[in-house]
Amino acid sequence: MTSSVFASERLLFTPTTPNNDAIPLIFAFPNEYSVGITSLGYQVVWATLAMRDDVQVSRLFTDIHEQLPRKPEIIGFSISWELDYVNILNLLESLEIPIRTTSRDDSHPIIFGGGPVLTANPEPFADFFDVILLGDGENLLGNFIEAYKDVRNASRQTQLKTLAQIPGIYVPSMYEVEYQAIDGAVKSIKPISPEIPTLVQKQTYRGNTLSASTVVTQNAAWENIYMVEVVRSCPEMCRFCLASYLTLPFRTASLEGSLIPAIDRGLEVTNRLGLLGASVTQHPEFEVLLDYINQPKYDDVRLSIASVRTNTVTVQLAKTLAQRDTRSLTIAVESGSEKLRQIVNKKLHNDEIIQAAANAKAGGLSGLKLYGMVGIPGEEPEDLEQTVAMMRNIKKAAPGLRLTLGCSTFVPKAHTPFQWFGVNKQAEKRLQLLQKQLKPQGIDFRPESYNWSIIQALLSRGDRRLSHFLELTRNFGDSLGSYKRAFKQLKGQLPDLDFYVHANWSTEQVLPWSHLQGPLPQSTLLKHLADATSHFQSSQQGTGDWGLGIKDWVAN
């Protein structure tokens with residue numbers, strides 16, 4: 001089974017034969033092969049390592065693996081989803097490696113992690129990793145391997161101390177966290193010795209050659225897909241959005257130097273093409289790119305595009321997609337309320353959304369999926385009514401177009417202006433209300449689980465005290481009930497769920513990730529927060545949903 005899965009891969013790079021003294025390294029994805037091999041980030045890092053002659057890399061997934069070295073020196077994990085932490089702990093145990101850094105000694109490999117989850121807020125997972133790579137892998141990965149080679153034969157402590165001095169490499173054990181009280185907020189985060197930097201700066205790759213698939217396989221979750229990263233980050237800067245704020249600045253791949261050669265290379269081995277990015281249609285030469293894919297020689301190509309900006313949905317785009325075997329398009333609208341879109345900085349009007357639907361239908365698409373959100377800071381009941389009205393108007397403007405509204409609950413994310421807000425306790429009721437209103441209209445409403453949003457918020461705003469909690473939930477079976485049970489058991493040893501999830505945090509308090517510097521300084525995030533709250537209605541300046549005078553709170 002295993003060998004046939006790897007044998008059916010078509011590689012778009014040439015692996016190197018490793019040297020005799022190459023570093024034995026395992027690169028793991030904490031989920032099944034079909035999921036991991038569909039992650040462009042995982043593919044690219046694996047290929048980068050496989051093209052180095054100073055590294056002998058083996059892949060590991062939860063269901064299959066390549067032949068693993070008997071004594072690996074480094075084990076890495078690429079993490080795209082918070083809840084995969086359970087699989088990380090399981091894989092470490094299967095390799096007979098202690099799951100906590102404090103239990104490892106010189107005989108154990110260095111355990112590193114990377115990916116968007118750890119770059120945003122690694123603290124809940126900090127006690128499981130020796131090293132965390134913050135930011136883009138393009139330069140960081142090479143710098144990590146080179147720095148490790150210099151201290152390869154040193155003691156574990158010397159290795160970690162040296163690695164901690166490389167920009168973008170975060171070694172959690174080199175930082176001491178103090179709390180106001182056992183169940184209070186963070187008081188301070190300080191390096192344990194003078195040579196360790198006070199702040200770890202996320203690394204940003206600024207080139208114009210972006211990622212493309214390094215392997216195509218029928219066993220991927222998206223069968224035989226070849227993926228090309230068209231843009232990185234997003235210029236829109238919606239104030240809740242990790243994909244924008246954490247990855248700034250907005251970068252675009254060079255059309256002639258990167259995109260076209262990559263597409264030609266991929267379409268030699270498959271006819272399924274995926275264009276990736278948070279805002280693909282905002283590439284300055286997107287129309288030219290579409291024309292290129294529209295050539296007769298690519299008539300059999302099936303095209304998928306990640307979420308596109310609503311006001312870039314033209315009839316031509318819809319036509320191209322319809323001809324290329326795409327039936328529907330995805331746009332993020334957040335809400336039907338103009339006020340809420342101002343609060344989140346979504347530069348979009350209802351007439352543009354309706355026009356996008358009309359264009360999608362005119363171009364021959366059969367469906368349109370919209371992404372919305374409830375519990376946005378500043379939201380009031382009438383804002384939900386406006387979302388229902390917007391969906392009705394879209395249905396009228398594009399009769400026969402299959403409409404889906406996927407809806408999540410607002411979850412605060414580190415390094416965004418909304419990191420200080422808690423999850424609105426009314427959100428679950430609001431999802432139910434939308435369901436009740438939209439179902440009779442023949443609109444397919446798909447809410448994300450409110451309870452899992454609570455867990456996501458816990459992990460996105462958590463600190464190191466959660467590591468014992470995470471171990472417990474795993475032992476209790478990793479269900480929603482196991483989270484409640486773990487909180488009960490640890491009562492008095494860490495803050496309660498309300499503190500992490502629902503509370504609005506003071507802008508004065510030390511955040512769990514204060515020692516990790518994202519693309520923008522806190523002063524800029526506070527300006528963006530103040531701009532957002534200036535659109536809140538005056539009724540909320542008292543003690544509405546958010547519990548205290550917003551203007552006073554931001555000023556605090």
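This is a predicted model: local features need pLDDT of at least 70, side-chain atom pairs count only at pLDDT 80 or more; totals for chains, interfaces and linings use all residues.

**Stop 1: α14 and α15**

Select residues 381-397, helix α14, together with residues 427-438, helix α15. The two axes come within 11 Å and cross at roughly 30°. An angle under 35 degrees counts as roughly parallel, and α14 and α15 are therefore roughly parallel to each other. The crossing of this pair is right-handed. Now show the side chains: on the α14 side the contact involves P381, L384, T387, V388, M391 and R392, and these meet R430, L433, L434, Q437 and L438 of α15. Sorted by class, the contact between α14 and α15 has 7 nonpolar, 2 polar and 2 charged residues.

**Stop 2: α16 and α18**

Next select helix α16, residues 450-460, and helix α18, residues 480-489. Here the axes come within 10 Å, and the crossing angle is roughly 50°. How are α16 and α18 oriented to each other? They are oblique, and α16 passes α18 in a left-handed crossing. From α16, N451, W452, I455 and L458 make the contact, and from α18, L480, Y483 and F487.

**Stop 3: α4 and α17**

Move to helix α4 (residues 85-94) and helix α17 (residues 466-475). Their axes lie 10 Å apart and the packing angle is about 80°. Angles of 65 to 115 degrees count as roughly perpendicular, so that is the description for α4 and α17. To see the contact, display Y85, V86, L89, N90 and E93 in α4, and L470, E471, T473 and R474 in α17. The class count for the contact of α4 with α17 is 4 nonpolar, 2 polar and 3 charged.

**Stop 4: the buried face of α9**

Select residues 255-266, which form helix α9. Which residues of α9 are buried? They are L255, S258, L259, I260, A262, I263 and G266. Turn the view to look down the axis of α9: these buried residues fall within an arc of 165°, so they line one face of the helix. An α-helix has 3.6 residues a turn, so residues three or four places apart point the same way. On the face turned away from the buried side of α9 are the exposed residues E256 and G257.

**Stop 5: T409**

Select T409, which sits in strand β19, residues 402-409. Is T409 buried or exposed? With a relative accessible area of 4%, T409 is buried. Leaving aside residues up to four places away in sequence, T409 touches M373, V374, V423, A427, L431, Y450 and S453.

**Stop 6: A530**

Finish at A530 in helix α20, residues 522-533. A530 is partly exposed, and its relative accessible area is 34%. Then pick E380 as well and draw a distance between the C-alpha atoms: A530 and E380 are 150 residues apart along the chain, and their C-alpha atoms are separated by 19 Å.

Technical notes:
Residues are numbered from 1 along each chain as its sequence is written. Side-chain values use heavy atoms; hydrogens and water are left out. Axes are lines fitted to C-alpha atoms, for helices over the stretch in contact, and angles run from 0 to 180 degrees between N-to-C directions. Helices (H or I, at least four residues) and strands (E, at least two) are DSSP runs, numbered from the N terminus. Angles under 35 degrees count as roughly parallel, over 145 as roughly antiparallel, 65 to 115 as roughly perpendicular and the rest as oblique. A crossing is left-handed if the near helix is turned anticlockwise from the far one by less than a right angle, and right-handed if clockwise. Contact means heavy atoms within 4.5 Å. Ala, Val, Leu, Ile, Met, Phe, Trp, Tyr, Cys and Pro count as nonpolar, Asp, Glu, Lys and Arg as charged, and the others, Gly among them, as polar. Buried means under 20% relative accessible area, exposed over 50%, partly exposed in between (1.4 Å probe, protein chains only). The arc is that of the directions from the helix axis to the C-beta atoms.
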